[in-house]
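Colleague: I am new to this one. Can we go through it step by step?

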Amino acid sequence: MTVLGCIADDFTGATDLAGLLARSGVKVNLHMGVPDAPPTDTAAFEVIALKCRTEPAPDAVAECLRALDWLKAAGAERFFWKYCSTFDSTADGNIGPVAEALMDKLGAEQTIYCPAFPENGRSIFMGNLFVGEQPLAESPMKDHPLTPMRDSNLMRLLEPQVTRPVGLANRLVVEKGADALRDRLAELRAEGVAHVVVDAVSDSDLRVISEACRDMVLLTGGSAVAMALPELYLKDGTLKADAPRMQAPQLAQGAIVLSGSCSAMTRAQVAAYLEQAEGFRLDPLDLAQNGAGAALAWLEKQPLDSAKIIYATAEPASVKTAQDKLGVAKAGNVVEEALAALAVKARDLGVRRFVVAGGETSGAVTKALGVTQLTIGAEIAPGVPWCFATSDGHDIAVTLKSGNFGAESFFADALAKL
Ligand SMILES: Nc1ncnc2c1ncn2[C@@H]1O[C@H](COP(=O)(O)OP(=O)(O)OP(=O)(O)O)[C@@H](O)[C@H]1O
Ligand SMILES: O=C(O)[C@@H](O)C(=O)CO
């Protein structure tokens, strides 16, 4: 029985969510894109990964509604819209437009917005999102290549994205427990508030929110607010733990790190890994002019079992130079296309372990590898599990690392874990 149908707006976010849900031991199915075939062999948690975070809002809405139909066909009656724990969205959406379209389809009067992920330093207080101790707009997210976040206030970010009123259930309410939060939501509903930002600074706040909101037909947020749901379903007997994490299949030695994320944490991770691995740096301007031939030729020359990384990861000033010359979309696309082609080449050369950094990058790479479904394995860092799949008939392992997740030693940690 599917108890929760989940739609994630990028691929790293989807493995993050699936990994946290799978901590409970309950079966989670993770699909990359809306499956062509109707649902079979469904799990308690069905997650569909989309690559729609930066698409035009009408396209993102259409794709999410297709995902909703598939999840309904899987038997889900409650749904979760997963976006980034740093609320990444462009000025035109897509978090609000998708939420409103899902609400309309589901007849939901109200939903909540809670991107908090305390284990990874994301907390919300008085409607303002913090990354560690910094307000979102003062954190490195202000320089994100595609979705620079220049305001920390979630109500202000959401308001232009939706047509109905936005409100807040603050930490003073959450702290009082699930009944107080239910009362606050009812009060806001009576005032016609459809979109409620909910504060959370700790996992115990998230447990209160899950308990108060578990019967809402649509919940929205980061992965951590959904993490508490399996525990509630297990406790009341709705679900039984039935799926221990999958052990890694036997894989050949070859491994590669592909990084298209420019986040502060990925920059530190790339620098740390370059101390022990051979590296090739992709330059968007060179790619736009000459294609990925030089990188492909470099990859062909590397021994299969060597430590290697191909990265476009760069400092904000260098990203800006590329964007000024090529435009934001083209600068991102040439990098994504190159990393996708390099992943395919690596697989054809015998590489079977792929460490990929960045959500958009992960979408491009997994699509090129023809991966349609992932099985969740061991967690490497909070929100980043190893996953297993087949690509062109080969068993492969992939980990899709969100830009800001993982320790500095993440790439080596990941490969040491398989
Ligand atoms: N040097 C560069 N110049 C311009 N754009 C770049 C450069 N390197 C990477 N990019 C683009 O920046 C975008 C990074 O987004 P991506 O989602 O992959 O990483 P992220 O946002 O850090 O990860 P996440 O969404 O998981 O937090 C991609 O579109 C990528 O192609
Ligand atoms: O929520 C997060 O921070 C991640 O799962 C993510 O969505 C990164 O793209």
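Modeller: One term before we start. Helices (H or I, at least four residues) and strands (E, at least two) are DSSP runs, numbered from the N terminus. Bear in mind that this is a predicted model.

Colleague: Where is the place of aspartate 242?

Modeller: Take the elements on either side. One is helix 9 (229–235), and the other is strand 12 (255–259). Aspartate 242 sits between helix 9 and strand 12, in the loop.

Colleague: Does aspartate 242 count as buried or exposed?

Modeller: Count its C-beta neighbours. Aspartate 242 has 10 inside 10 Å, so it counts as exposed.

Colleague: What are the domains, and how many Å separate their centres?

Modeller: The chain is divided into domain 1 (4–235) and domain 2 (255–417). Their centres are taken over C-alpha atoms. The separation between the centres of domain 1 and domain 2 is 27 Å.

Colleague: Which element gives the most to the side of domain 1 that touches domain 2?

Modeller: The contact takes 26 residues from domain 1 and 27 residues from domain 2. On the side of domain 1, the elements giving two or more residues are helix 1 and strand 2 (28–32). By class, that side of domain 1 has 12 nonpolar, eight polar and six charged residues. With nine residues, the most comes from helix 1.

Colleague: What does the record say about residues 4–229?

Modeller: First, the fold of this stretch. Over residues 4–229 the chain is 35% helix and 20% strand, with the end C-alpha atoms 9 Å apart. An unreviewed UniProt entry annotates residues 4–229 as "domain: Four-carbon acid sugar kinase N-terminal".

Colleague: Why does ligand 2 lie between domain 1 and domain 2?

Modeller: Look at its shell. Among the residues surrounding ligand 2 are Asp10, Ser85, Gly383 and Ser402. By class, the shell around ligand 2 has one nonpolar, nine polar and two charged residues. Ligand 2 lies between the domains because its shell takes residues from both domain 1 (4–235) and domain 2 (255–417).

Colleague: Which element gives the most to the shell around ligand 2?

Modeller: Count by element. The top contribution is three residues. It comes from helix 1 (residues 11–22).

Colleague: Of the 28 residues around ligand 1, which come nearest?

Modeller: The shell around ligand 1 divides into 10 nonpolar, 15 polar and three charged residues. Domain 1 and domain 2 each give at least three residues to the shell around ligand 1. Helix 13 (316–326), helix 14 (328–349) and helix 15 (359–368) each supply at least two. Nearest to ligand 1 come Ser261, Gly332, Gly358, Gly359 and Gly403.

Colleague: Which element gives the most to the largest nonpolar core?

Modeller: That core has 137 residues, and Val47, Cys64 and Ile209 have the most contacts inside it. At least three of the core's residues come from each of domain 1 and domain 2. The element that gives the most, with nine residues, is helix 14.

Methods
Residues are numbered from 1 along each chain as its sequence is written. Chains are lettered from A and ligands numbered from 1 in the order in which they are written. This is a predicted model: local features need pLDDT of at least 70, side-chain atom pairs count only at pLDDT 80 or more; totals for chains, interfaces and linings use all residues. A residue is near a molecule or strand if its C-beta atom, placed from the backbone, lies within 6 Å of it. Ala, Val, Leu, Ile, Met, Phe, Trp, Tyr, Cys and Pro count as nonpolar, Asp, Glu, Lys and Arg as charged, and the others, Gly among them, as polar. Domain bounds come from an automatic or database domain assignment. UniProt positions are given in the numbering used here, feature names are shortened, and annotations may be inferred rather than shown by experiment. A residue is buried if 20 or more other C-beta atoms lie within 10 Å of its own, exposed if 12 or fewer, and partly exposed in between; C-beta atoms are placed from the backbone. A nonpolar core is a set of buried Ala, Val, Leu, Ile, Met, Phe, Trp, Tyr and Cys residues joined through C-beta atoms within 7 Å. Two residues are in contact if their C-beta atoms, placed from the backbone, lie within 7 Å.
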